[in-house]
Amino acid sequence: MGLAIVGLTGGIGSGKSTVVRLFGALGVHWVDADDVAREVVEPGMPALAAIAEHFGDDVLQADGALDRAWLRQKVFAEPEERAWLEALLHPIIRDEIIRQLQPENYTLPYTLLVSPLLLETDQHELTDKTLVIDVPESVQLERTMARDDNSREQVERIMAAQMAREDRCAKADAIIDNNQPLVEVERQVAELHNQWLLEFS
């Protein structure tokens, strides 16, 4: 039996990275979809060459790296360019996620796929279970404004683009309440970890 894959998701500011680190401390391997999305367009990668060929040199910074701000504006303004970019990148990102989710010499029966848009994209098709990190929306707002120095309007826009909290929780196989003291969150993580060790072995 191959490794089981648990998808870990949650709205912005829900504290996904805190929970992931707690699983990591128990030896669980994880792959962050956002990191993979960055890695596949680094200088020297085929995807970046394809993007530069399509959009021209304006899409590159002086050092040859992707000019994300330029590309974001371009695809935001032109939906057909966004469709082209997604058609290029999504399969590459997906293949790389699958590759990274199978580490060598790994003894635990499951790995984690961390993705803020797990349920909004087809990434959830890669997973056997969904774990939602949940906090009240007021906490999401406070944490994100404090962390990224964003305005309330900006954070509310980001939250509006994500799946609604009730819908996300309704799709979850397990939920961690992250509006708790850390020791209580650690207890929830340990409990799920032990449950999955049994279930996936």
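I count two strands as paired if DSSP finds at least two bridges between them. My elements are DSSP runs numbered from the N terminus: helices are H or I of at least four residues, strands E of at least two. The model is predicted, so I took local features at pLDDT of at least 70 and side-chain atom pairs only at pLDDT 80 or more, while totals for chains, interfaces and linings use all residues. Residues are numbered from 1 along each chain as its sequence is written, and side-chain values use heavy atoms, leaving out hydrogens and water.

**Strands S4 and S5**

I found S4 (residues 129-134) running parallel to S5, with four bridges joining them. I looked up Ile-133 and found Ile-176 as its bridge partner in S5. Next I followed the side chains along S5 (residues 174-177): Ala-174 and Ile-176 share one face and are buried (under 20% relative accessible area; exposed is over 50%, partly exposed in between, with a 1.4 Å probe and protein chains only).

I then turned to Ala-190, which sits in H9 (residues 182-200). Ala-190 is partly exposed, at 27% relative accessible area.
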